[in-house]
Amino acid sequence: MTIRLRRGTAAAVVAVVVLLTMPAAVHALPGAAPTETAPGRLELPRPTGPYPVGAEVLHLTDHDRTDPWAPTATARELMVSLRYPARGGSGGGPAAYMSTEEARLMLAGRGLGDDAPAEVSSAVTHAGAGATGIQGRFPLVLLSPGLGNHRATLTSLAEDLASRGYVVASVDHAYESTGTVFPGGRMLTCRVCELLRPLPVEEGHKLLKAVSTGRADDLSFVLNRLTGHRPAWHNSRMIDPHRIAVVGHSMGGNAAASAMLGDRRFDAGINMDGVFYDRIPAAGVDGRPFLMLGNPVDHHPGGPDSSWDEGWQGLDGPATRAAQTRQIYRPWRPPRGGLRNDRQRLARARFSLPSRFPHAPATDHRRADRARHRPRYHHCPTARALPSLPATQGPGTSGQRS
């Protein structure tokens, strides 16, 4: 298959892949000073990029939509956690992972009962609460969790992306997690899970398709509020509206595809191990890059989930799918000769890369690419294991390192 990888659109896809191929116990690159962690306390993996990370939380309400899952007619509400490149030493202490009650409900939903919710909720993150964002414009990645999962389950991925020069918005969809705290202390639990439980398979699939398309509307609304005329976030100036990716796990992965089908502003997407209840049509996603990251049990070429083979056939742009294998978690080390030679190693692996990561801010990244560079075409077979990418070379002259 011949594909074309554009720097501005495919880079977010590639960046998430490299994060998923890295081992959990990886040392952070220079940029943020490591924090001391009490012995025995849970700690998320440290970000591997050069930027310190900031964290903020938004409560967004879409008054133009009625929440389809609410017991009474109310506007659609969302909780959004933001991670972004920040100035080192600014802001408060580490951002909270989740509340104790949210942790208790999450553990109970996995059959763990009251197995140390306080320890889970107090897990150490690596983002400074309310830290000052640095100057520059960065790509935006929207993250959607699996059905029943809290947005906090994507925190490590969000922090690592932010440390590499991305603004990341992790979205909690109301009534679709085991428990999410909303303003006023309201705890909204998984109403969708309750509705789904007694349904036969066919009816359940219809409901899950509605969840996916509803989440797509959520993601478009979040994008509006982050990049629109009156943005909800005071650091919205950091977002480059011409470089937007949408990524999701499980149900969130299908929602990423649904969002790309319904909103042309999303330049790239990833489905991490999600069934396509909302199928990809034969017309595809208008030539935009989309990655399918599965597992060797049911989400792989010829696997039991037929929606993946059908979805793959419908993709019409730069597309790659990967099955998680032992190889994909192989520890990564810089090659001989330094990081700059890593591109040659990747070329031998027949996996094409953008000519540079889009960490340096740009006014109009894609327009500059079209003016200065001719498109390159590469052969890319279906990938069973994806090689790691070189680490970033730093934030450049426009960012500030600490």
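Begin by selecting helix H7, residues 251-262, in this predicted model, and then display strand E5 (138-144), H6, strand E9 (239-249), strand E10 (268-272) and strand E11 (290-294), against which the buried residues of H7 pack. Ten of the twelve residues of H7 are buried, so the helix is largely enclosed by the rest of the structure; among them are Gly252, Gly253, Asn254 and a run of alanines at Ala255, Ala256 and Ala257. From its first C-alpha to its last, H7 reaches 16 Å, close to the 16 Å expected at 1.5 Å a residue.

Next, select Phe266, which, leaving aside its neighbours within four places in sequence, is in contact with residues including Ala259 and Met260, as well as Leu219, Leu223, Ile244 and Arg288. Phe266 is also one of the four residues, with Leu140, Leu226 and Trp233, that touch the most other members of the largest nonpolar core, which has 41 residues. Colouring helix H6 (residues 201-227) then shows the largest share of this core, six residues. A second, separate core of 15 residues can be picked out through Ala158, Ala245, Leu291 and Leu293.

Select Tyr51 and Phe138: their ring centres lie 5.9 Å apart and their planes stand at 85°, so the pair is edge-to-face. Tyr51 sits in the loop between helix H1 (7-21) and strand E2 (53-66), whereas Phe138 belongs to strand E5, and the pair links these distant parts of the chain, 87 residues apart. Tyr51 is buried at a relative accessible area of 2%, and Phe138 is buried at 0%. Finally, select Phe276, Phe290 and Trp308, which form one aromatic cluster.

How values were computed
Residues are numbered from 1 along each chain as its sequence is written. This is a predicted model: local features need pLDDT of at least 70, side-chain atom pairs count only at pLDDT 80 or more; totals for chains, interfaces and linings use all residues. Side-chain values use heavy atoms; hydrogens and water are left out. A nonpolar core is a set of buried Ala, Val, Leu, Ile, Met, Phe, Trp, Tyr and Cys residues joined through side-chain atoms within 4.5 Å. Buried means under 20% relative accessible area, exposed over 50%, partly exposed in between (1.4 Å probe, protein chains only). Helices (H or I, at least four residues) and strands (E, at least two) are DSSP runs, numbered from the N terminus. Contact means heavy atoms within 4.5 Å. The expected span of a helix is 1.5 Å times one less than its number of residues. Rings of Phe, Tyr and Trp (its six-membered ring) pair if their centres lie within 6.5 Å; planes under 30 degrees apart count as stacked, over 60 as edge-to-face and the rest as tilted.
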